[in-house]
Amino acid sequence: MFNIQRPRRNRRNQAIRNLVRENDLRPNDLIAPLFLKEGKDLREPIHSMPGIYRYSIDQLVLECKELYDLGVHCVALFPAIEDKLKNSKASEALNSSGLYQRAIREVKNAVPELLVMTDIALDPYSSDGHDGLVDPKTGEILNDETLEVLAEMAVVQARAGADILGPSDMMDGRVAVIREALDEENFTDIAIMSYTAKYASAFYGPFRDALNSAPKKGDKKTYQMDYANVREALREAYLDEEEGADILMVKPGLPYLDVIKTLKENTTLPIAAYNVSGEYAMVKAAHERGWIDGEKVMMEMLMSFKRAGSDMILTYFAKEAAKVIHY
Ligand code: PBG
């Protein structure tokens, strides 16, 4: 008859719910991925990602200022490279006056306190659409040959002013060669956020639309991880840690909360989750149909990353969520 255990007592009103709340979501937990392209005064909508645009550098700078003022203090930049600049060596990736490097410089000039995170992988620049160099005879993705390009890319991005480098390519040994190349050039303070457990995923579809970067042949399964595996993610985490990574990332996010939790329990490094394009698109699509309340689902989804153990979240919802948090 007397029920002394009443968990509902701690849910009676908002004030007590706030007191007992175990996790918190702040705008400065969020990293906004932003797409850029050559041009002026451009905000080109991406049809599979409502609310997300390809910005020309001038507009990108404005967006960065707005994000900073909303409390989002890190952006991750991704370039849409013109087809005529793509080749099998991805050489545009190393162009110090190319679109990407100019964008990094201009954003850092305009908003010096904002952290600029970059992407290190060849796919946006490669005529093959792969993250590494492709052997023209066998179609194999060449590991060690790719490492040399990635190391050079890192130095070029560091020179442009990047704060955090994000190798997203999944070649073996990339964190070590990037760290060494940076340190040789005295970029000892530039951090590496490794895409540690990056799965071969169908959730990247809208991103590949945004950059027109889908593989021309084959898939990415010889370098990105099999989605059936979690112990393998631990192996990648140990290697990245040994090789000098500063932050470990899990990608995609939502279907991989178990991986986030496992890594968190097995490292002392901070953990990032990448709430990827397909996860964003699903929420937007269902919201547009009136099937879910997109804003509420967004906040619930973002909190799930914190609960699983993410210290930070890369998410296309960054701006929208920051506004909701501030009201
Ligand atoms: C490329 C890269 C991808 C994403 C981030 N960096 C796509 C891929 O690996 O094919 C996906 C991000 C997203 O879907 O939001 N190295």
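Predicted model: local features only at pLDDT ≥ 70, side-chain atom pairs only at ≥ 80, totals over all residues.
What is the phi of Ala90? It is near 55 degrees, which is a positive value in a residue other than glycine. As background, most residues other than glycine have a negative phi, and most peptide bonds are trans.

The bond from Lys251 to Pro252 is cis, and its omega is near -10 degrees. Pro252 is in a loop too, between β10 (247–251) and α8.

Lys251 comes up again at the ligand. How many residues surround the ligand? There are 18, and the closest are Lys198, Arg208, Lys251, Ser277 and Tyr316. For Lys198, an N or O atom of the side chain is 2.7 Å from an oxygen atom of the ligand. For Tyr316, a side-chain N or O atom is 2.6 Å from a ligand oxygen atom. Asp123 has a polar side-chain atom 3.3 Å from a nitrogen atom of the ligand.

Now the helices. Two packed helices are described by the angle between their axes and the distance between the axes.

Take α7, residues 231–243, and α8, residues 257–265. Their axes come within 10 Å and cross at roughly 45 degrees. That makes α7 oblique to α8. The crossing of these two, α7 and α8, is right-handed. Which residues meet there? From α7 they are Ala233, Leu234 and Ala237, and from α8 they are Val259, Thr262 and Leu263. Sorted by type, the residues of this contact between α7 and α8 are five nonpolar, one polar and no charged.

The other pair is α10, residues 294–308, with α11, residues 318–326. Here the axes come within 11 Å, and the crossing angle is roughly 95 degrees. Are they parallel or perpendicular? Angles from 65 to 115 degrees count as roughly perpendicular, and therefore α10 and α11 are roughly perpendicular to each other. On the α10 side the contact is made by Glu295, Met298, Met299 and Leu302. On the α11 side it is made by Glu320, Ala321, Val324 and Ile325. The residues in the contact of α10 with α11 divide into six nonpolar, no polar and two charged.

Definitions and conventions: Residues numbered from 1 in each chain as written. Heavy atoms only, no water. Axes fitted to C-alpha atoms, helices over the stretch in contact; angles between N-to-C directions. Helix = DSSP H or I, 4+ residues; strand = E, 2+ residues; numbered from the N terminus. Parallel < 35°, antiparallel > 145°, perpendicular 65-115°, else oblique. Left-handed = near helix turned anticlockwise from the far one by under 90°. Contact = heavy atoms within 4.5 Å. Nonpolar A, V, L, I, M, F, W, Y, C, P; charged D, E, K, R; others polar. Near = heavy atom within 4 Å. Polar contact = N/O pair within 3.5 Å; in protein donor to acceptor, adjacent residues only side chain to side chain.
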